[in-house]
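Please look over the structure shown here.

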Amino acid sequence: MDTNKPPSVSPNPWADLQQFTPARIALGRAGNSLPTRAHLDFQLAHALARDSVHIPVDFSVLEQHLTEQGYPSLRLQSLADNQAKYLQRPDLGRLLATTPPPSASVDAAVVVADGLSSQAIAHHAAAFLDLLLPALQQRGYVLAPVCLVKHARVAIGDAVAAHYKAKLCVVLVGERPGLSSPDSMGIYFTYQAQAGISTDADRNCISNIHHNGLSYQLALKKLLFLIEEAENLGYSGCLLKDETQVGSGITHL
Amino acid sequence: MYQRQIHNRHYHFKDLRTLMAKATPLRSGDVLAGVAAENHLERVAAQWLLADVPLKQFLNEALVPYELDEVTRLIIDSHDAAAFAPISHLTVGDFRDWLLSELATTEALSALAPGLTPEMAAAVSKIMRLQDLIAVAKKCRVITRFRNTIGLEKRLSTRLQPNHPTDSLPGVAASLVDGLLYGCGDAVIGINPATDNLEATHRLLQMLDEVIQRFQIPTQACVLAHVTTTLKAINQGAPVDLVFQSIAGTEKANTSFGVNLGLLAEAQQAALALKRGTVGDNCMYFETGQGSALSANAHAGLDQQTCEARAYAVARAFKPLLVNTVVGFIGPEYLYDGKQIIRAGLEDHFCGKLLGLPMGCDVCYTNHAEADPDDMDLLLTTFAAAGGTFIMGVPGADDVMLNYQSTSFHDALYVRQLLRLKPAPEFETWLHQHGIVDADNPWQLANTLPAAFKASLQNLSGLNYGHE
């Protein structure tokens, strides 16, 4: 072998930095392009993420878990009755197909929506609700049944909150699958949500809850801060800032 | 009323807004909004009619009422009649011919920009093919400055986007170093924060400022928080180079983003007062994207491409350093597949450039869209051929925080080498000084680790940034 020829792949000497981030760094290069291994890694991850969009949600495990923990729940569906319609008709994903039974008035509506990643809900919803629901009760909030909504977008929470006349609306939703995190969950909080009226400017978002992302504890801390501030200010949304301390917060699950 | 007989069928469109929507090449967002043409023939009938509309009609028939929308008021009130004069006698169809002709030189196009409304630009784009959009945009030249000079001929800049799912400083730093060593980051080093948290924003701004100062990088930093968060950070004394905000083309859509023209002006003034630019004072960074107004149910019956062009009127009021159409981010309900994303990216670039904006493009897609890296290669290559101002640089094209795929550092190297494009001149000099690019071939990276970065890499590995 002629050892004078340069190798066709130039590695990067900073691969050590990969310990700090799930990002695809120090991939090396073949000429100016991705080496074959990095290219095929990407193709594999894209295939997994694309397929995960189409895995249907199975709420039965979560439903049983909530029952065991003593929390009533309710299964609902949006007006988008299949995944293809869900992807192309965001308007239908924001509306309930059926109205939940009437109930006494409550303070907080907690909604679980499959969104774009049923895996996010399967992996993270139960563990997060185990922290969230008792925390809300400790603060004296009366809860609506936890609504598990299939083919649902974030704004479905407005419809649920309006139905229960709940001033707090918390939606857990499967985020669009990323290559490195096909199961990322987001939380959207809206104060005094109004169906068909509240907009994204009225919500606060806590995103990237997954094993390489935000921990359940820190997500809860942020959410409780936002709830407390919204109660003080009388509104949520982009004028309500997450001012929790981040110093000790950058942790991994 | 706009009407025409075509192939024994009578078509009539009740107003200019309807005509514009019906003439728009097919995209899912217009179908979702219920404004798209019902079939190919109706679309072409609308295109024939649109071609006959005098450009002056756009000054007489506001597509969103003047009284109801501050973006319309901005467009009408800031229209420069003198700049418009050379083409004021043309129809939309004549305007297309004029743009493609030798009359439309770089100088003529620059002089015309303040005389054009977004609706005129959108209208003509609807009767242009991709090669028309590319050929005309390529003739436009928009140059902006903060710590370097962006938009010169034969240049393509890159935004280094070192996002991290929890805004971990070592995590951001790792991607930042990777990007710099791949020659990326002359448009801006811009981080999307994972949450709109003031303290995290402040910390990220401080870190970027430290890196830029330590390595004396001729570039600018930005944390893409909401404008109100950035204003708070400025008030706390944070080192803010560029103010970021997402904007849209109607007042109602901007309201759903929590912004208005007054707030943007306040933020611009606050950033200008910091006087952090060294070669210029373009201190705003805007992002846009077709479909965002409809997503907020604020499209006012307009098609999404016309809405998008109207967002450029908002942008140009604030003399931005950078405007970025995040074309494939919004998802398949607005741009269904690679074909729709590619056309939208080139339309946005064309309209933005015609209106005098430094247009970049986030060549991107989500995992629920019918698109893949092959589609992105086509948009990347055609966008750069059209003279696009800047693209994104994301490690391995995979944004691990925003969960979508953009262009990678490798992609930027590929297209620069292919089309012989260089970064901003100040940044090019810096890459040479540090031995990041090959001394003899500016389109090739050097194979050795630059001396200045050796110590930093050791520090970073030694948890210099306070890894928790």
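The report below starts with the ground rules and then turns to the chains.

## Ground rules

This is a predicted model, in which local features need pLDDT of at least 70, side-chain atom pairs count only at pLDDT 80 or more, and totals for chains, interfaces and linings use all residues. Residues are numbered from 1 along each chain as its sequence is written, chains are lettered from A and ligands numbered from 1 in the order in which they are written, and side-chain values use heavy atoms, with hydrogens and water left out.

## Chain A at a glance

Chain A has six helices and six strands. Both are DSSP runs, numbered from the N terminus: helices are H or I with at least four residues, strands are E with at least two. In sequence order the pattern is α-α-β-α-β-α-β-α-β-β-β-α. The C-alpha trace of chain A spans about 80 × 40 × 35 Å along its principal axes.

Chain A has 253 residues, and 53% of them count as buried. Buried means under 20% relative accessible area, exposed means over 50%, and partly exposed lies in between (1.4 Å probe, protein chains only). The accessible surface of chain A is about 11,100 Å², with 53% of it on carbon and sulfur atoms. Such areas come from the Shrake-Rupley method with a 1.4 Å probe; for residues, only the protein chains shown count as cover.

Contacts in chain A also reach along the sequence. Take those between residues at least 6 apart: 67% join residues at least 24 apart. A contact means heavy atoms within 4.5 Å.

Chain A carries 19 positive and 22 negative side chains, and the centres of the two sets lie 6 Å apart. Lys and Arg count as positive, Asp and Glu as negative; His and the chain ends are not counted. Each charge is placed at NZ of Lys, CZ of Arg, CG of Asp or CD of Glu.

## Salt bridges within the chains

Over all chains, the structure holds 26 salt bridges. The rule asks for a side-chain nitrogen of Lys or Arg within 4 Å of a carboxyl oxygen of Asp or Glu. One of them joins Glu231(A) and Lys167(A), at 3.1 Å from N to O. Glu231(A) sits in helix 6 (residues 216-233) of chain A and Lys167(A) in the loop between helix 5 (156-164) and strand 4 (168-174), so the pair ties together parts 64 residues apart in sequence. Glu231(A) is partly exposed, at 26% relative accessibility. Lys167(A) is partly exposed at 26% relative accessibility.

In chain B, Arg310(B) pairs with Asp69(B), their closest N and O atoms being 3.1 Å apart. Arg310(B) is in helix 17 (residues 304-316) and Asp69(B) in the loop between helix 4 (57-60) and helix 5 (70-77), 241 residues apart. Arg310(B) is buried at 0% relative accessible area, and Asp69(B) is buried at 3%.

Arg147(B) and Asp241(B) meet in a salt bridge of 2.8 Å, N to O. Arg147(B) is buried at 13% relative accessibility, and Asp241(B) is buried at 2% relative accessible area. A network of salt bridges links Arg147(B), Asp209(B), Asp241(B) and Arg276(B).

## A buried charge without a partner

Glu70(B) lies in helix 5 of chain B. Glu70(B) is buried but has no salt bridge; the nearest side chain of opposite charge, Arg73(B), is 5.1 Å away. Setting aside neighbours within four places in sequence, Glu70(B) is in contact with Glu251(B), Asn260(B) and Leu261(B).

In helix 1 (residues 16-23) of chain B, six of the eight residues are buried. They are Leu16(B), Leu19(B), Met20(B), Ala21(B), Lys22(B) and Ala23(B). Their cover includes strand 1 (2-6), strand 2 (9-13), helix 3 (40-51) and helix 17 of chain B.

Helix 10 (residues 130-139) of chain B has Asp132(B), Leu133(B), Ile134(B), Val136(B) and Ala137(B) as its buried residues. They pack against elements including helix 7 (92-100), helix 8 (106-112) and helix 9 (118-126) of chain B.

## Where the chains meet

The contact takes 63 residues from chain A and 73 residues from chain B. Together the two chains bury about 5,300 Å², 54% of it on carbon and sulfur atoms. Buried area is the accessible area (1.4 Å probe) that two parts lose on being put together, summed over both.

Four salt bridges cross the interface of chain A and chain B. Glu333(B) forms a salt bridge with Arg153(A), with the closest N and O atoms 2.9 Å apart.
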